[in-house]
Every structure is written in C-alpha cells, then in structure tokens.
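Please keep the sequence and the 3D view at hand while reading.

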Amino acid sequence: MVVFGELVVSSFDRTRPPTVPTESFSILAVDGGGTRGIYAAQILAKVEDALGRQVNDCFDLLAGTSTGSIITGAAASGVPLKEVVALFEKESPRIFGKARFPARISVFWRSRYSRTTLESVLQEYLPQAVLRDISTPLMITSADIATGGVHVFKSRYLGDLGEPYERDGEVLLSDAILASCAAPTYFDPKAVGPYLLTDGGLWANNPSIIAFTEAVSKFKKEVAEVRVLSVGTGHTTTMYTKRSSWGLLTGWGGNKLVSYTLGLQSQASTNMAKLILGDRYLRLDPEIDSWELDDTRHLANLKALAERDFTYRSKTILDHIRRNTE
C-alpha cells in the first residue's frame, strides 16, 4: 500500500502558507548518492550566491532522497547550502570512517556502518524540528521494509492545503532523514513510530516524478504549470563487464549492486520526467567514474564538477529558476 506522510518546510513561521505562484509551480528534486551529494549541495550553494536568496524561497516544493534528503531538509529548514557543503567536506570521512566489516563480507553479517555518527552530525547541523514546524513544502522518501510498501514523509503543507494532516507532524526531521539514508548494506533500517524504514532510493532515488505527481494531485497544478530542477549526484557509464561468474560477490559485487539499482531508478525517473515536461525539466547530473556511495576520496573532484557545471550552465539554471521567482 502506498503511504504518504508529511513534510518539512523552510522557515519556522507557522502562519506562512506555501508559496504557490499563479503561473508556474517550481520543484527542486535532489537524488540520493551518499558522499556524492556534495555535487548537488555545491550547485545549490552557487544558486543561493547568484540569486542572493535561499533555496527554500526559490521553489514551491522540495523533494529529496537519501543524501538528497539531507540537502532538501536543510534547505527547507533555512540552513544555507554552503553549510551543507561544509557538512559533506568535514563529516563524510567520519560518517564513512572505518567500516565494521570489509565491504565484500559486510553483506553477510551486518550493515557496513553504524548510523550513530550520521545521527550526531544531523543533530549538529540541522534544527531539531518536527515536521509540523516546517513551513516549506518538503517530501522525503523512504521504504517500509515491514510491509513492502513505500513511505513518504511530508511537512505540514497538506494541512495548509486544507487536507487532513495526521501522520508525520511529530516526526523529527532528523529521523525522517535517517530513514531515507538507510541504504541496504550500508546502514541498518530506521524505526520511526510503528514503521521500519530504509532508503527511499530503492524506489525513488530521483524523486522528480513523485514530486511532479504531488504537484498535480495535491497542489492541483496543471502539467504545463510545473517546472522541475533535478539535481543528481553523478552517474557512470561503465558499471559491469562480462564475467564468468555472477554470484553476489563474484559478479554483482555486493555494494556495487546497490549503486546499480539506484542509478537505474534515477535514469528511469529522468526519462519519464523529460517525456512529460520537456524543457520544463532541467537535469544536472555529471558523468563520473564508478565511485561508490561511501567513497570519500572524490569530494574535491565532485565539488569541482559542480563549479564547472554551474559556470557553464549558470544562465540556463538561473533562468529556469527565475521563471518562477520573478
């Protein structure tokens, strides 16, 4: 059963209704991708610098998965994106420090990392707010492994739109993010109330389509009114080669299989969004080598890729956003 919850918003003004422009409805969707999220964070930090305003004031709906939920959750809470970039630079080596087991055997025994460090980092960098306190419409994806269903946390915007707001109001933003970040084999599932949740990337690593669906179904927008800025975390075109053995470790590669699955979902969502929205869908997602979700050696490279892409595509990016904000 598809279960939808509530969401997080940017400022803590309990009276400000969601910003819904009359001519367009602008969505920011940020992919999952572990440490590679620094690419998306840096792109959006450059947007804030260029426009002189925070991301939560530039979009009508934010949607994030896994590492993208850290970025959009911070943005919805009014945290400057340059601080999120600093989080990736400073804390990624701690979050993905010494693994409890080597990657190739962790799949047999336990999740590779403890989420204790990630939890403490979120508590340090993000406000300890519940979703009802957040006024910017936000969607954070996860998956319910107990029921086999999907689970989407939402900030209070459903209540602001006149719909019942029941499930997620008292859920901590940090708990919703921890659930979305619980990638199989990397982190244990997260219990949130009666739900046992794991990485939303299993079904919505690129949350563009679910955010678009929310715009049409809940915000009552016409398809032609919706614009999406979709920021990925890098994709590779060299995943697997022909092998003589296709066992979990000998062929599929354990944790590599997780990256492959997430990448496929992102690509499928991108293709569908482009077919539906045409040039109202802008995707930023650099080609990279096969960098795993927990690889901290390429943070500087990813940040440089973001600098490059923003430099060469700044007019396109800013014009795409300004169509909604000016």
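A residue is called buried when its relative accessible area is under 20%, exposed when that area is over 50%, and partly exposed in between. With a relative accessibility of 8%, Cys181 therefore falls in the buried class. The model is a predicted one, and the points below are grouped by topic.

**Cysteines**

- Cys58 is likewise buried, its relative accessibility being 1%, and Cys181 is buried at 8%.
- A disulfide is a covalent bond between the sulfur atoms of two cysteines.
- The number of disulfides in this structure is zero.

**Strand pairing**

- Strand E7, which spans residues 195-199, pairs with E4 in the antiparallel sense over three bridges, and in this pairing Asp144 stands opposite Leu197 of E7.
- Strand E6, made of residues 190-192, is joined to E7 by three bridges and runs antiparallel to E7, with Lys190 placed opposite Leu197 in E7.
- The hairpin formed by E6 and E7 has two residues between the strands, and Gly193 in this hairpin adopts a positive phi near 60°.
- Strand E8, residues 226-231, pairs with E9 in the parallel sense, and this pairing extends over four bridges; Leu229 stands opposite Leu282 of E9.

**Buried positions and their contacts**

- Val130 sits in the loop that runs between helix H5 (116-125) and strand E4 (138-144), and with a relative accessibility of 15% this residue counts as buried.
- When neighbours within four places in sequence are left aside, Val130 is in contact with Gly169, Glu170, Val171, Leu172 and Leu173.
- The C-alpha atoms of Val130 and Leu173 are separated by 5.5 Å, although the two residues are 43 residues apart along the chain.
- Ser174 belongs to helix H7, which covers residues 173-180, and Ser174 is buried at 6% relative accessibility.
- Which residues does Ser174 touch, not counting residues up to four places away in sequence? The residues in question are Leu122 and Gln128.

**Salt bridges**

- Side chains of opposite charge can pair when their charged atoms come close.
- The count of salt bridges comes to 16, where the rule asks for a side-chain nitrogen of Lys or Arg within 4 Å of a carboxyl oxygen of Asp or Glu.
- Arg94 forms a salt bridge with Glu91, and their closest N and O atoms are 2.7 Å apart; both residues lie in helix H3 (residues 81-95), where they are three residues apart, about one turn of the helix.
- The two partners of this pair fall into separate accessibility classes, since Arg94 is partly exposed at 43% relative accessibility, whereas Glu91 is buried with a relative accessible area of 2%.
- Arg112 forms a salt bridge with Asp294, with 2.4 Å between the closest N and O atoms. Arg112 lies in the loop between helix H4 (103-109) and H5, and Asp294 lies in the loop between E9 and helix H12 (299-325), so this pair ties together parts that are 182 residues apart in sequence.
- Arg112 and Asp294 are both buried.
- Asp168 forms a salt bridge with Arg167, the closest N and O atoms being 2.9 Å apart; Asp168 is buried at a relative accessible area of 2%, while Arg167 is partly exposed at 23% relative accessibility.

**Nonpolar surface**

- Val216, Val223, Met272, Leu275 and Ile276 make a nonpolar surface patch of about 430 Å².
- Helix H11, residues 255-277, gives the most to this nonpolar patch, contributing three residues.
- Ile276 is found in helix H11 and is partly exposed, with a relative accessible area of 38%.

Methods
Residues are numbered from 1 along each chain as its sequence is written. This is a predicted model: local features need pLDDT of at least 70, side-chain atom pairs count only at pLDDT 80 or more; totals for chains, interfaces and linings use all residues. Side-chain values use heavy atoms; hydrogens and water are left out. Patches are made of residues with over 30% relative accessible area and no salt bridge: like charges are joined within 9 Å, nonpolar side chains (Val, Leu, Ile, Met, Phe, Trp, Tyr) within 5 Å. Accessible areas come from the Shrake-Rupley method with a 1.4 Å probe; for residues, only the protein chains shown count as cover. Buried means under 20% relative accessible area, exposed over 50%, partly exposed in between (1.4 Å probe, protein chains only). Contact means heavy atoms within 4.5 Å. Two strands pair if DSSP finds at least two bridges between them. A disulfide is a pair of cysteine sulfur atoms within 2.5 Å.
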